[in-house]
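Welcome to a short tour of one protein chain. Have the sequence and the 3D view open side by side, and follow the topics in turn.

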Amino acid sequence: MKVKVLAFGIAKDIFGGSAISVDISGNTTAGLKSTLENNYPRLKKLASYMIAVNSEYAHDDHLLTVDDEIAIIPPVSGG
């Protein structure tokens, strides 16, 4: 299944842009994470990152569809 993924913060640098299209194996956020980390190894080096689906944080077992708005939310630091 091919999905569009929006990137914010450091994820934009890792992906080389603010959005990418990716073919994922399976249809869960866990499958998406696995595919992204295989295609973009630098993503694994982040301390943590979240996946948001349709403006809500998603767990690894969340089922994805091609129409979902998916975003990578990198760790945020404050000062």
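Contact here means heavy atoms within 4.5 Å. Please keep in mind that this is a predicted model. With that in hand, let us start with one threonine and then widen the view to the sheet, the core and a loop.

**Threonine 29**
- You will find threonine 29 in helix α2, which covers residues 29-39.
- Is threonine 29 buried or exposed? Its relative accessible area is 1%, and because buried means under 20%, threonine 29 counts as buried.
- Setting aside neighbours within four places in sequence, threonine 29 is in contact with Ile51, Val53, Ala58, His59, Asp60, Asp61, His62 and Leu64.
- With histidine 59 there is also a polar pairing to look at: a polar atom of the threonine 29 side chain lies 2.3 Å from the backbone oxygen of histidine 59.

**The sheet and the helix across it**
- Five strands make up an open sheet with mixed pairing, in the order β2-β1-β5-β3-β4.
- The edges belong to β2 (19-23) and β4 (56-57); each has a single partner strand, so one side of each has no neighbour in the sheet.
- Strands β3 (residues 50-53) and β5 (residues 70-73) pair in the antiparallel sense over four bridges. In this pairing, alanine 52 has alanine 71 of β5 as its bridge partner.
- Helix α2 lies across β1 (2-7), β2, β3 and β5, and runs at about 105 degrees to β2.

- In soluble globular proteins, nonpolar side chains tend to be buried together.
- In this model, the largest nonpolar core has 20 residues, and Val5, Phe15, Leu32, Leu36 and Ile72 have the most contacts inside it.
- At least two residues of this core come from each of β1, α1 (10-15), β2, α2, β3 and β5.
- Not counting residues up to four places away in sequence, phenylalanine 15 touches Val5, Ala7, Ile20, Leu36, Tyr40, Leu43 and Ile72.

**The loop between β3 and β4**
- Most residues other than glycine have a negative phi.
- Asparagine 54, in the loop between β3 and β4, has a positive phi near 55 degrees. This asparagine 54 is partly exposed, with a relative accessible area of 42%.
- Serine 55 sits in the loop between β3 and β4 too, and its phi is also positive, at about 70 degrees, although serine 55 is not a glycine.
- How exposed is serine 55? Its relative accessible area is 67%, and because exposed means over 50%, serine 55 counts as exposed.

How values were computed:
Residues numbered from 1 in each chain as written. Predicted model: local features only at pLDDT ≥ 70, side-chain atom pairs only at ≥ 80, totals over all residues. Heavy atoms only, no water. Buried < 20%, exposed > 50% of the residue type's maximum accessible area, 1.4 Å probe, protein only. Polar contact = N/O pair within 3.5 Å; in protein donor to acceptor, adjacent residues only side chain to side chain. Pairing = 2+ DSSP bridges. Axes fitted to C-alpha atoms, helices over the stretch in contact; angles between N-to-C directions. Core = buried A, V, L, I, M, F, W, Y, C linked by side-chain atoms within 4.5 Å.
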